[in-house]
Amino acid sequence: MIVVENVSKNFTLHNQGGIVLPVITGASLAVAAGQCVGLAGSSGAGKSTLMRMIWGNYRTDSGRILVGGTDIARAEPRQIIALRRTTLGHVSQFLRVVPRVPAIDVVAEPLLTQGTAPDVARARAAALLTRLNIPEHLWSLSPTTFSGGEQQRVNIARGFIHPWPALLLDEPTASLDAGNREVVLTLIEEAKARGAAILGIFHDEGARTRVCDRLVDVSRFAVAA
Amino acid sequence: MTPQTPLLSVRGITRNYGARIGCADVSFDLWPGEVMGIVGESGSGKSTLLSCIAGHLTPDTGSLIYDTRADGPRDVLAMPEPERRMLGRTDWAFVHQNPRDGLRMGVSAGGNVGERLMAVGARHYGDIRAQATDWLERVEIDAGRIDDRPRQFSGGMQQRLQIARNLVTAPRLIFMDEPTGGLDVSVQARLLDLLRGLVRQMGLSAVIVTHDLAVVRLLADRIMVMKDGRVVEAGLTDQVLDDPQHAYTQLLVSSVLQV
């Protein structure tokens, strides 16, 4: 479902004397449906960079990144937008939302953009928020006012509201307490069971051993400084 | 699912002001349902480009192929004037930065919305008023204000009224020039949410000119970065903002103040 073939990535910093920083070279990996693969490697090894290249917000200089048959390294913006709408999901560490939009609508939004009826979308959002222990009196408030852990859970609810066949998870259990961590790990297991291909970054070792079928050490692809 | 014909194909649009470049050789395709942002600093040519595309300025060269409802793709620049004006009243909409440029300040709120309906042939007073009321509510203006003039509205309300006036004829393409420009941030957030909802519900395509990178990140699917009249970089919004390739875009992105 997710195939990365021999990709490389440089950063060119034009405003710092045009310095070129090679970060990844010759990276390859594959995630089959129903599998969860963890990206490992020390901080700065390029885990997040590789994940952003797959999400498409970082450009890929060479190689191919196939998700559901679309080559993200070469796709037009509208193809990537269509892919993200239906095929490729993402839980990032950052919540970027229009201020003042209620949490429940933030969570329901991916379904709304697919044309799901608003009441159906909100009901699904409510079910997920309940599962993730976000108290109901917060649903009508904007998540910009929430604590770090609550924002993280809103992000997770948004990432699991649609059964994306491919899912990218960037530290989904960071800043969560034991109870909520358990809920998230169960959500990941359920997604695997329905056949999602999941690629994740987990610093939490317990979580990694529990949900990951395999680890890929990204430092193999890092360019020696 | 993905459409095969762009709604609008812009090819080689150039407009000079004497010896100075307004915008030079700009080309892009806008697909149905897509929102494109044009960013750049003052004087980068983004407003000139928008005016050329929207028909407020005549470009020196280039073509604008629009996928019309009736006859499919046609060059708008080669259309007879009446046909082009009809397009501007029905299928296209333009939201100005200053609501005063897009509204009739001496006419009631309901009249402002109704006027555009009458321009396309609506004559039944009851129907026009009902539609105007419906649209005021959709843009979150209390229907009780229908007979008030825009002069008595706040800046944010005026901007929402301008949007209602523009969308009442169910256009397919909307041009916006700094739509959140003169508004304070809390009003801006509400307007952004409203615009996002309308774009989604109506399947609108939009071209938005702004210098505010936070606004484009939330509204636009794709962006074009302009400098000195030329497009220096274009692509998926989060890709251009998170991994800018051109020196100017890198400067622009790194110059945003953090709150």
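Reply: Start with Val37(A): its bridge partner in β9(A) is Arg214(A). Keep in mind that this is a predicted model. The pair belongs to the link between strand β3 (residues 36–40) of chain A and β9(A). That link consists of 4 bridges, and the two strands run parallel.

Now widen the view to the sheet. In chain A, 5 strands form an open sheet with parallel pairing. Their order is β6-β7-β8-β3-β9. Which strands stand at the edges? They are β6 (88–91) and β9 (214–217) of chain A. Each has a single partner strand, so one side of each is left without a neighbour in the sheet. From one strand to the next, the twist averages 20 degrees.

Next, the helices of chain A. Helix α3 (residues 103–113) and helix α4 (residues 118–131) of chain A have axes that come within 8 Å. They cross at roughly 125 degrees. That angle makes α3(A) oblique to α4(A). The crossing of α3(A) past α4(A) is right-handed. On the α3(A) side, the contact uses Ile104(A), Val107(A), Ala108(A), Leu111(A) and Leu112(A). Their counterparts in α4(A) include Pro118(A), Ala121(A), Arg122(A) and Arg124(A). Sorted by class, this contact holds 11 nonpolar, no polar and 2 charged residues.

From here, cross to the other chain. The contact between the chains takes 18 residues from chain A and 24 residues from chain B. On the chain A side, α2 (77–86) and α3 each supply at least two residues. The largest share of that side, 5 residues, comes from α2(A). By class, the chain A side divides into 9 nonpolar, 5 polar and 4 charged residues.

His14(A) touches Ala247(B) and Gln250(B). Is His14(A) buried, exposed or partly exposed, and why? His14(A) is partly exposed, because 15 other C-beta atoms lie within 10 Å.

Chain B has an open sheet too. Here 6 strands follow the order β6-β7-β8-β3-β9-β10, and the pairing is mixed. Its edge strands are β6 (92–95) and β10 (230–236) of chain B, each pairing on one side only. Neighbouring strands are turned by 15 degrees against each other on average, direction ignored. Within this sheet, strand β3 (residues 35–39) of chain B runs parallel to strand β8 (residues 205–209) of chain B, and 4 bridges join them. Met36(B) stands opposite Val207(B) in β8(B). Helix α10 (residues 247–254) of chain B packs on the sheet, touching β9 (222–227) and β10 of chain B. The direction of α10(B) makes about 105 degrees with that of β9(B).

Last, a helix pair in chain B. Helix α4 (residues 109–119) and helix α5 (residues 125–138) of chain B pack at an angle of about 120 degrees. Their axes are 9 Å apart. That makes α4(B) oblique to α5(B). Again the topic is handedness: α4(B) passes α5(B) in a right-handed crossing. Among the residues that meet are Val113(B) and Leu117(B) in α4(B), with Ile128(B) and Trp135(B) in α5(B). This contact has 8 nonpolar, 3 polar and 1 charged residues.

Technical notes. Residues numbered from 1 in each chain as written. Chains lettered and ligands numbered in written order. Predicted model: local features only at pLDDT ≥ 70, side-chain atom pairs only at ≥ 80, totals over all residues. Axes fitted to C-alpha atoms, helices over the stretch in contact; angles between N-to-C directions. Parallel < 35°, antiparallel > 145°, perpendicular 65-115°, else oblique. Left-handed = near helix turned anticlockwise from the far one by under 90°. Contact = placed C-beta atoms within 7 Å. Nonpolar A, V, L, I, M, F, W, Y, C, P; charged D, E, K, R; others polar. Pairing = 2+ DSSP bridges. Buried ≥ 20, exposed ≤ 12 C-beta atoms within 10 Å, placed from the backbone. Lists of a residue's contacts leave out its neighbours within four places in sequence.
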